Amino acid sequence: FKNFLTKASNRIFSFLNVLDRLTCSLVCRSWKIMVQDRSLWTQIDLQRIKDRTTDTLVANLAHKFRSFLCNLNLRDCVRVTSSSLRYIGECRNLQELSLSGIKQINADVVNDIGLGCKNLLYLNIAKCNFDDGVLRVLARHYVNIQYLSLAGCTGFSTAGVYYFMVGQGLHKLFHLDISGCSQITHEGMRYIARGCPLLHSLALNKLARMKDESLYFFTKYCPNLKALHLRHASSLTDTAFMYIADNLPRLKTLCVKVITTSRVLV
């Protein structure tokens, strides 16, 4: 019966956001014990309270639950700064991390997280404003990462993308999203394709200037691709799709949406 009550209370507390859960822990000693059950803190979703998420809250949570935190979502928590993000590196068992939309991502933060979170498999830093230094750190320390989203990040250059090919990390990537990164040049696409031969899923949406030859690199160096997203890649011609047909026998999903003045091709 006691085990049933524990499961029931955990189920109820799991529906509460982080701040409400912490408030409940102040009611009495028994509630505090129940709220601190590790099963409630393996996943922390702060996006639900993004307008109330502060550096103090992030630092305290990362420190207190560092031993068993596996999934941390800070998407669009714009009040969070680099001063608290460094504490994430204390979470040795962290496997999934979303920092999408946080503006104060820099090489030092990414370095601290990479050194501490060796088991990290999923990293979403889409819509963040960072430079080539972040990509250099990713290629140096993130050797086990399998999912990476850089969608909408325009602060880095082709020089930063070079680290995809020469660094020790990123070579185990299964999924990569560089949608909207229009600053990546033709040569930069080659660097990425050469550095990520195990890719199964690739998103190249909103790259209106991407040429057929750039796509060819991915069909040549990433033969295991199963899903390819090319929405709004309006500069591609029939030649690009010939490359896909000839070189990607495992492809199962192809998403294409090209908008022109006269037609829509889906």
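In which helix do Glu187 and Arg190 both lie, and how many residues apart are they? Both belong to helix H10 (residues 186-195), where three residues, about one turn of the helix, separate them; helices here are DSSP runs of H or I with at least four residues, strands are runs of E with at least two, and both are numbered from the N terminus. The model is a predicted one, in which local features need pLDDT of at least 70 and side-chain atom pairs count only at pLDDT 80 or more, whereas totals for chains, interfaces and linings use all residues. Residues are numbered from 1 along each chain as its sequence is written, and side-chain values use heavy atoms, with hydrogens and water left out.

Glu187 and Arg190 form a salt bridge, with 2.4 Å between the closest N and O atoms, the term denoting a side-chain nitrogen of Lys or Arg within 4 Å of a carboxyl oxygen of Asp or Glu. Glu187 is partly exposed, at a relative accessible area of 31%, a class that lies between buried (under 20%) and exposed (over 50%), as computed with a 1.4 Å probe on protein chains only. Across the whole structure, four salt bridges are found.

Another of these pairs Asp108 with Arg86 at 3.5 Å, N to O, and links distant parts of the chain, since Asp108 lies in helix H6 (residues 107-116) and Arg86 in the loop between helix H5 (82-85) and strand S3 (96-98), 22 residues apart. Relative accessibility is 41% for Arg86, 47% for Asp108 and 27% for Asp112.
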